[in-house]
Amino acid sequence: MPGEHRRHLDGDGKLEVIFGNAAFHADGTKYWSIPGPPGQPQVADLNGDKVPEIFVSRQDGIMIISHDGKVLSGPVQKYDPQTSPNCWSKPGVVHDFDGDGHPDISDSSCSHVSVYHVDSAFNLSVNWAPMAVNDNSGLASSTAFDFLGRGVADGVYGDQDNLWVYDGVSGKVELSAVRSSGTLIEYPIVADVDNDGSADIVVVSNTGGDNPSNYKNTIAVYEDSQKRWIPTRRIWNQHAYHVSNVREDGTIPAHPKPSWLNLNTFRTNAEVQAGQNCAPPPPNPH
């Protein structure tokens, strides 16, 4: 569920459950806790030492926490200070947005979305000027994908009114499309949903005002007209998606590879080189 994430943080091969302000071992015992509200946790190696950190977005701002519960930086609201629980509790993204080989983080408030560089001391600096969005209603979020294989991830965000795609280096709007949503907890995803070897963007919309029983839900899929977007996987199985948590046939690895030692991304899909086989490895042994 959103706000909860399972990772093997302590290296014992067993998954922990992370809530943003606490983590628990597989047997339910507490691993660590910190003061303050829960939040949305994202796990990645943010300083290149092969050890995971936890990037948390919560109502008092962005935090970075060590795998064993030490607060490394934050909470901080770099712009648009807000007190609403919705505004800084929106799920975030980890990817290399500027092509320097180092993971960046992307997060949003009720009125802006931006990308941040994380330095070796876990301080945050803004990669590009915050872009205006409209999301006072819920916990809208985003993903990222390197559509053209440049080594630079584009940001993909869905607010109440629009789908946006931003250049990862400059923040320039590359694509926009109208959508309508109460932005409860959904976000756009990138997957090859029509199996044509080119990535697609999938986004949902709903109409019907404040009464969910009146909603008319729609799903829109966007593709490049010449199918130039590079290949990606054909699956996206959960809100806290990080690629290594699922095989392409939908089977779940008994012992998933640590995502921070492989792609080192979070809430993004993998780019697949043209001509490679996306077929999943053998299922879990019984």
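A polar contact is a pair of N or O atoms within 3.5 Å, where within protein one atom must be able to donate a hydrogen and the other to accept it, and residues adjacent in sequence count only if both atoms are side-chain atoms. By that criterion, the side chain of Thr183 forms a polar contact of 2.4 Å with the side chain of Asp135, and the side chains of Lys90 and Asp135 are likewise joined by a polar contact of 2.4 Å. The model is predicted, with local features requiring pLDDT of at least 70 and side-chain atom pairs counting only at pLDDT 80 or more, while totals for chains, interfaces and linings use all residues. Residues are numbered from 1 along each chain as its sequence is written, and side-chain values use heavy atoms, with hydrogens and water left out.

**Chain overall**
- The chain holds zero helices and 20 strands, helices being DSSP runs of H or I with at least four residues and strands runs of E with at least two, numbered from the N terminus.
- Of its 286 residues, 52% are buried, that is, under 20% relative accessible area with a 1.4 Å probe, protein chains only.

**Lys90**
- Lys90 lies in the loop between β8 (71–76) and β9 (93–95) and is buried at a relative accessible area of 0%.
- Beyond four places in sequence, its contacts (heavy atoms within 4.5 Å) include Ser57, Asp135, Gly138 and Tyr157.

**Thr183**
- Thr183 sits in the loop between β17 (173–178) and β18 (189–191) and is buried, with 0% relative accessibility.
- The C-alpha atoms of Thr183 and Gly138 are 4.9 Å apart, although 45 residues separate the two along the chain.

Terms used: Buried means under 20% relative accessible area, exposed over 50%, partly exposed in between (1.4 Å probe, protein chains only).
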